[in-house]
Amino acid sequence: MGNHWFIIRFDVPSGPSDCADRIAASRAAINAVYNRNALDWMQGIARVAPFLPPSLLQYLFRLFTSSHDFIISNIPGPRATIRLAGVEVDHVYGIAPTLGAGVTVTTVSYRDTCHVMINIDPVMVHDVGLFKDCLRAGLVDVARPAEKE
């Protein structure tokens, strides 16, 4: 058990105007480059990390992540209700730093709900308000129940 990193690069399709078509095009782009049996490079890094200076690891990680415009991390959470100090937890959010990328998204599922946190680097994304509005509209579009024909 532990972290499993699958790093993939793909072009995000922007042509289809229909949400279902955009999702299908994105899924096809991901499937074209994703390999579940890819080398777990994080395990190798974890073995040598104790022997390297932390500043070098931070520099290399920042260098790698800053070469990406968009980073997303998915953290599968529990479906059952959890309690913290005897109080039922309503929502679970994962907050990640921008890591040098323009946009860093962290999704955490909890009780059949996907909670989304988005960090936007205003140096990389010049109109944060417009970007936020577009992301919100896209999430609402994706979450909308499919219309029955």
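**Questions on the model**

Biologist: As what does Asp-133 count at 44% relative accessibility?

Modeller: Buried means under 20% relative accessible area and exposed means over 50%, with partly exposed in between (1.4 Å probe, protein chains only). At 44%, Asp-133 therefore counts as partly exposed.

Biologist: What kind of model is this?

Modeller: Residues are numbered from 1 along each chain as its sequence is written, and side-chain values use heavy atoms, with hydrogens and water left out. Local features need pLDDT of at least 70, side-chain atom pairs count only at pLDDT 80 or more, and totals for chains, interfaces and linings use all residues: this is a predicted model.

Biologist: In what order do the elements of the protein run from the N terminus on?

Modeller: Helices (H or I, at least four residues) and strands (E, at least two) are DSSP runs, numbered from the N terminus. The protein has four helices and five strands. From the N terminus on, they run α-α-α-β-β-β-β-β-α.

Biologist: In which sense do E4 and E5 pair?

Modeller: Strands of a sheet pair through backbone hydrogen bonds, either parallel or antiparallel. E1 and E4 (residues 103-110) run parallel and are joined by six bridges, with Ile-72 opposite Val-105 and Phe-70 opposite Val-103. On the other pairing, Thr-106 stands opposite Met-117 in E5. Over eight bridges, the sense of E4 and E5 is antiparallel.

Biologist: Which residue takes a positive phi in the hairpin of E4 and E5?

Modeller: This hairpin has two residues between the strands. The positive phi, near 50°, belongs to Arg-111.

Biologist: Is Thr-107 buried or exposed?

Modeller: Thr-107 is found in strand E4, which is largely enclosed by the rest of the structure, because seven of its eight residues are buried. Contact means heavy atoms within 4.5 Å, and the residues that Thr-107 touches, not counting those up to four places away in sequence, include Ile-72, Ile-75, Cys-114 and Val-116. At 10% relative accessibility, Thr-107 counts as buried.

Biologist: How many disulfides does a search of the whole structure find?

Modeller: A disulfide is a pair of cysteine sulfur atoms within 2.5 Å. Cys-114 is partly exposed at 48%, and Cys-134 is partly exposed at 49%. The number of disulfides found in the whole structure is zero.

Biologist: Which residue forms a salt bridge with Asp-141?

Modeller: A salt bridge is a side-chain nitrogen of Lys or Arg within 4 Å of a carboxyl oxygen of Asp or Glu, and the count comes to four. In the one asked about, the closest N and O atoms are 3.0 Å apart, and Asp-141 is joined to Arg-22. Asp-141 lies in helix H4 (residues 128-143) and its partner in helix H1 (residues 19-33), so the pair ties together parts 119 residues apart in sequence; that partner is Arg-22.

Biologist: Where does Asp-112 lie?

Modeller: The side chains of Arg-79 and Asp-112 meet in a salt bridge (2.4 Å, N to O). The pair links distant parts of the chain, 33 residues apart: Arg-79 is in the loop between E1 and strand E2 (83-84), and Asp-112 is in the loop between E4 and E5.

Technical notes:
Pairing = 2+ DSSP bridges.
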